[in-house]
Amino acid sequence: MPGPLVVNDAVVIPDAELVWRFSRSSGPGGQGVNTTDSRVELTFDVAASTALPPALKQRALDRLGSATVTIAASEYRSQLRNREAATQRLAQRLREAIAPPPKRRRPTKSSRGSVERRIAAKKQRSDLKRLRRDL
């Protein structure tokens with residue numbers, strides 16, 4: 001399981017920048033839960049990272065709200081599966097944090113034909129209701 005964390009094609013975080021912590025997990029698991037450290041905490045310090053280019057690092061810091069990201073995973077009984085879940089969640093969180101901002105919407109104007117069709121439909125509906133009243 002150890003190895004670099006691939007965020008996307010351009011960003012790969014070396015294993016040395018990831019801090020793992022293991023503890024006993026709460027919840028179901030039978031007798032094994034009392035003896036195995038299956039809960040996983042994965043911490044990544046964005047500000048101290050050398051894997052992120054300066055522009056992406058600043059974007060991530062602005063969006064994440066803090067310099068460190070901590071992901072906890074304890075949904076599986078196996079420590080290995082919890083480690084996999086934590087790495088996937090961290091990679092997804094970092095992908096969202098360094099993603100470019102969405103393109104700004106260019107305001108558009110309704111075409112003359114669409115405006116005329118809408119008004120014609122409203123008149124037709126109005127006429128229908130008026131004819132019902134006159135009966």
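Trainee: What makes up the count of helices and strands in the chain?

Mentor: The chain has three helices and five strands. The order from the N terminus is β-β-β-β-α-β-α-α. Mind you, this is a predicted model, where local features need pLDDT of at least 70 and side-chain atom pairs count only at pLDDT 80 or more, while totals for chains, interfaces and linings use all residues. Numbering starts from 1 along each chain as its sequence is written, and side-chain values use heavy atoms, leaving out hydrogens and water.

Trainee: How does the radius of gyration of the chain sit against a compact globule?

Mentor: The chain has 27 Å, whereas a compact globule of 135 residues would be near 14 Å. That rule is 2.2 Å times the number of residues to the power 0.38, with the radius taken over C-alpha atoms. The C-alpha trace spans about 85 × 45 × 25 Å along its principal axes.

Trainee: Why does Pro101 count as exposed?

Mentor: Its relative accessibility is 53%, so Pro101 counts as exposed; the cut-offs are over 50% for exposed, under 20% for buried and partly exposed in between, with a 1.4 Å probe and protein chains only. Buried residues make up 26% of the 135 in the chain.

Trainee: Where is Pro101, and what is it in contact with?

Mentor: Pro101 lies in the loop between α2 (79-98) and α3 (112-134). Neighbours within four places in sequence aside, Pro101 is in contact (heavy atoms within 4.5 Å) with Arg59 and Arg63.

Key. Helices (H or I, at least four residues) and strands (E, at least two) are DSSP runs, numbered from the N terminus.
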